[in-house]
Amino acid sequence: MGIPEGSLTAKPSWRLKSIVTVALTLLTSSQAILIVWSKRAGKYEYSVTTANFSVEALKCALSLAALSRIWKSQGVTEDNRLSTSFDEVKVYPIPAVLYLVKNLLQYYIFAYVDAPAYQILKNLNIISTGVLYRIILNKKLSEIQWAAFVLLSAGCTTAQLNSSSDRVLQTPFQGWIMAIIMALLSGFAGVYTEAIIKKRPSRNINVQNFWLYVFGMLFNIIAIFIQDFDSVMNKGFFHGYSFITICMILNHALSGIAVSMVMKYADNIVKVYSTSVAMLLTAIVSVFLFGYHLSLAFFLGSTVVSVAVYLHSIGKPQR
């Protein structure tokens, strides 16, 4: 007599899926807005390296909080204990460095792009992730996914078309270069991290996240010494922080948790819907906050990008 499938894994309720979807959408759409909003007179009054460190520290604290709950309910086991070996830990500095550079670049890219354009262009990481999956993890991509990559590139370009000046694209060349570099770094870091996690699947994800964030904090301290040492020593670690800055740090930390919850409690389609709605929400809010002009090209481009993201999600090769 077989065990019913539903008894092995309880399916999440539609209410939980809805909460996770709304949370991820709001966090994703407000991410770029909060970064732009945190500027004063076109520049950051706070040190972006300290903000980045604060995000890593908060994520590390949240991982520890999650672990403490697990320890209380399940006890300390081989898979959820923090003590580890050098061989396990030595792989985390690589993605930590990649995320450091990528996260710092996201502050400086806004010198060349606005919030809606950023939401469009950051979808380029889907292309880099897909190609790196094929190269590093040797995962086959379907014809639909390759077609989605072409559509995604076309959509990103269409959304940036500029009919109000002689320049073809709204985003300057430097902005595109930074967006491509960010996509490559994000894709490589994501694929590398997944390879680390799947190398020991029984290991608790919070432990793996903890060590990743510890190295993230370490490298951010080095970045503070290199870039903002004098400023931090003279003005203090939290100089220039405002309520918006704190909200931005919370947003970045909670976004990572929301993505984990989507993977656990929902599915990949939720990420697709969240990404698509977030692009439009960012554009609409930017109209009121920053006077952003919604063009036909942006709507057409964002629609094509949404279709491309959807096709990529459903186009996974069947086993």
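**A short tour, starting at a loop**

Start by selecting P172, which sits in the loop linking helix 8 (143-159) to helix 9 (173-199). Helices here are DSSP runs (H or I, at least four residues), numbered from the N terminus. You are looking at a predicted model, where local features need pLDDT of at least 70 and side-chain atom pairs count only at pLDDT 80 or more, while totals for chains, interfaces and linings use all residues. Residues are numbered from 1 along each chain as its sequence is written, and side-chain values use heavy atoms, with hydrogens and water left out.

Is P172 buried or exposed? P172 counts as buried because its relative accessibility is 19%, and buried means under 20% relative accessible area (exposed is over 50%, partly exposed in between; 1.4 Å probe, protein chains only).

Next, select L218, I221, I222, F225, I226, F229 and M233, which make a nonpolar surface patch of about 700 Å². Helix 10 (205-227) and helix 11 (229-235) are the elements giving two or more residues to this patch, and helix 10 gives the most, with five. Areas come from the Shrake-Rupley method with a 1.4 Å probe, and for residues only the protein chains shown count as cover. Zoom in on F225 in helix 10: F225 is exposed, at 53% relative accessible area.

Technical notes. Patches are made of residues with over 30% relative accessible area and no salt bridge: like charges are joined within 9 Å, nonpolar side chains (Val, Leu, Ile, Met, Phe, Trp, Tyr) within 5 Å. A salt bridge is a side-chain nitrogen of Lys or Arg within 4 Å of a carboxyl oxygen of Asp or Glu.
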